[in-house]
Amino acid sequence: MQTCNSSITTEKYVNIQMTEKTLARLIKESNIHATDIHPLDRTSKIFVWKSCLDSCFSEGLPG
């Protein structure tokens, strides 16, 4: 009987809740990145986009 040794790992997800102010601070301080965040509703998605853009423009554009 053959066994299959698969190296597939299953990622576990954590659902958390935080205030908009806390999330904005984490993004601004580069403690969390937009690619790490997966908003579950439209309102949250718009807020994350806005926070990321605000953070980028507050640092100034390169060049």
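Good morning, colleagues. Please keep in mind throughout that the model is predicted.

I begin with the overall picture. The protein has 63 residues, and 14% of them count as buried. Its secondary structure consists of 2 helices and 0 strands. The accessible surface comes to about 6,200 Å², and carbon and sulfur atoms account for 55% of that area.

Let us turn to helix α1, which covers residues 20-28. Which residues of α1 are buried? They are L23, L26 and I27. Viewed down the axis of α1, these buried residues fall within an arc of 100°, and they therefore line one face of the helix. On the other side of α1, K21 and K28 are exposed.

S30 belongs to the loop between α1 and α2. With a relative accessibility of 43%, S30 counts as partly exposed, because that class runs between 20% and 50%.

I now move to helix α2, which spans residues 42-59. C52 is located in this helix. Is C52 buried or exposed? The relative accessible area of C52 is 16%, so this cysteine is buried, the cut-off for that class being under 20%. C52 may also be considered together with H33. The two residues are separated by 19 positions in sequence, and their C-alpha atoms lie 8.3 Å apart in space.

My next topic is charge pairing. Side chains of opposite charge can pair when their charged atoms come close. How many salt bridges does a search of the whole structure find? The search finds 2.

One of them joins R25 to E29, with 3.4 Å between the closest N and O atoms. R25 is partly exposed, at 41% relative accessibility.

Another salt bridge is formed by the side chains of D54 and K50, at 2.8 Å from N to O. Both residues lie in helix α2, where they are 4 residues apart, or about one turn of the helix. D54 has a relative accessible area of 41% and is partly exposed. K50, at 48%, likewise counts as partly exposed.

Let me now describe the largest pocket. Its volume is about 800 Å³. The lining consists of 20 residues, and those nearest the centre of the pocket are I16, I37, H38, P39 and L40. Which elements give two or more residues to this lining? They are α1 and α2. Of these, α2 gives the most, with 4 residues.

At 62% relative accessibility, I16 counts as exposed, since the class begins over 50%. Together with V14 and M18, I16 forms a nonpolar patch on the surface. The accessible area of the three residues together is about 320 Å².

To close, I would draw attention again to two residues. C52, by contrast, is a buried residue of helix α2. Thank you for your attention.

Definitions and conventions
Residues are numbered from 1 along each chain as its sequence is written. This is a predicted model: local features need pLDDT of at least 70, side-chain atom pairs count only at pLDDT 80 or more; totals for chains, interfaces and linings use all residues. Side-chain values use heavy atoms; hydrogens and water are left out. Patches are made of residues with over 30% relative accessible area and no salt bridge: like charges are joined within 9 Å, nonpolar side chains (Val, Leu, Ile, Met, Phe, Trp, Tyr) within 5 Å. Accessible areas come from the Shrake-Rupley method with a 1.4 Å probe; for residues, only the protein chains shown count as cover. A salt bridge is a side-chain nitrogen of Lys or Arg within 4 Å of a carboxyl oxygen of Asp or Glu. Buried means under 20% relative accessible area, exposed over 50%, partly exposed in between (1.4 Å probe, protein chains only). The arc is that of the directions from the helix axis to the C-beta atoms. On a 1 Å grid over the protein atoms alone, a cavity is a set of points where a 1.4 Å probe fits but cannot get out, and a pocket is an open set with protein on both sides within 12 Å along at least five of seven lines; lining residues have an atom within 4 Å of a point. Grid points are joined across faces, edges and corners, and a volume is the space filled by probe spheres set on the points.
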